[in-house]
Amino acid sequence: MSYDLIAIGLNAVDVLMRLPETVKHDDKQFVDDLIIQGGAPVGSGCCGVARFGFKVGMVARLGNNTLSAICLEEFRSNGVDDGLVIRDESSRPAIALVEIDPRTAARTVFIQMDNYGYLRPTDIPGTEISQARALLVDSYDLDATEAALTAAAGSACRSILDFESGDPARLKKLLGMGTDAILPLAAARNLTGQQVPDDVLRTLGHWCPGQVVVTDGVHGSWAFVRDSGKILHQSAFIVEAVDTTGCGDAFHAGYIVGLLEGWPLELRMEFGSLLASRVAGKVGGRTALPWRKDAAAMIRSDISPSLHQQLSKRS
């Protein structure tokens, strides 16, 4: 089986609750927004790509338990193939409790990883990766990430890196193995020691031979254009935010969809920003991810003519 995208990284179940305006402690109270769905950056990012009709597989260790069953059902319902899942009865995904501030849409995340199914380098499907069009990895399990990037090396597979934290020396090494590094600005600042987005990107550009991008929520995203040496900025789309969970994951999904569609850098960034704005309007990182049939409904007055054209013909 040939995949458009293979995803390798943290696998989680999210329990998301939008808090009431007033919380009565040591008491019971009803809430309007409480959902359970799959989560984590790579897990949600690959779901966003699968919804646009691409063949996507997620590599994970899952067992015979409730949390694993939720993860599998979430992948299937989002169109993600589970043929690369390793069945390990002792493993389960992470579980995250997400409390959402009703005034700011900011979220506080509590993560528990007992019996988490960490991937082993031998779990990595090297042949499938070398034959895939794209690979999405994170920095939660660096041994698995390095094995995956090694499998992609020398092939036509584009490797998209979503690094949030980890050993700096190891991350620098892995950045040198990727083709598209998309990091949160805060993480990139910590890694590079730089503060201004331009300086952050130029430093990342020395480590990563491919495309480097940093994202910063409502401030938008920046990319280093290697050929010209210029910095490209994409503004965030204005939206009434409800929950910021998964916005960065949606950006990665939009970028990868554009990559698979053959779009130029600026269009990939714009579509990533558009998907992030949609996700911010609902509770949950996957709730508002669009399907390909919804593409035309995403058209709004402030998108570029180029993106308007692409969305018009993909619904």
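## Mixed sheet and its packing

Met17 stands opposite Glu99 of strand S8. This description concerns a predicted model. The strands that bear on this pairing are S2, residues 12-18, and S8, residues 94-100, which run parallel to each other and are joined by seven bridges. Strands of a sheet pair through backbone hydrogen bonds, in either a parallel or an antiparallel manner.

S2 and S8 belong to an open sheet of four strands, ordered S3-S2-S8-S9, with mixed pairing.

Is Ala40 buried or exposed? Its relative accessibility is 10%, which is under the 20% limit, and Ala40 therefore counts as buried.

## Helix H1

How many of the ten residues of H1 are buried? Ten of the ten are, so H1 is largely enclosed by the rest of the structure. The buried residues of H1 include Pro41, Val42, Gly43 and Ser44, and also Cys46, Cys47 and Val49.

## The largest pocket

The largest pocket holds about 1200 Å³ of space. Its lining comprises 46 residues, of which Arg107, Thr244, Gly246, Cys247 and Gly248 are the closest to the centre. Elements giving two or more residues to this lining are S2, helix H1 (41-50), S8, S9, helix H6 (185-192), helix H8 (247-261) and helix H9 (265-279).

Which element supplies the largest share of the lining? That share, five residues, comes from H8. By residue class, the lining of the largest pocket divides into 25 nonpolar, 15 polar and six charged residues.

Strand S14, residues 221-225, pairs with strand S15, residues 230-234, in the antiparallel sense over five bridges. Within this pairing, Trp222 has His233 of S15 as its bridge partner.

S14 and S15 form a hairpin, and four residues lie between the two strands. Gly229, in the turn, has a positive phi of about 80 degrees.

## Thr203 in helix H7

Thr203 is part of helix H7, which spans residues 197-207. Why does Thr203 count as buried? The reason is its relative accessibility of 17%, which falls under the 20% limit. When its neighbours within four places in sequence are left aside, Thr203 is in contact with Thr192 and Gln194. Thr192 belongs to the range of helix H6 (185-192).

Terms used:
Residues are numbered from 1 along each chain as its sequence is written. This is a predicted model: local features need pLDDT of at least 70, side-chain atom pairs count only at pLDDT 80 or more; totals for chains, interfaces and linings use all residues. Side-chain values use heavy atoms; hydrogens and water are left out. Buried means under 20% relative accessible area, exposed over 50%, partly exposed in between (1.4 Å probe, protein chains only). Contact means heavy atoms within 4.5 Å. Two strands pair if DSSP finds at least two bridges between them. On a 1 Å grid over the protein atoms alone, a cavity is a set of points where a 1.4 Å probe fits but cannot get out, and a pocket is an open set with protein on both sides within 12 Å along at least five of seven lines; lining residues have an atom within 4 Å of a point. Grid points are joined across faces, edges and corners, and a volume is the space filled by probe spheres set on the points. Ala, Val, Leu, Ile, Met, Phe, Trp, Tyr, Cys and Pro count as nonpolar, Asp, Glu, Lys and Arg as charged, and the others, Gly among them, as polar.
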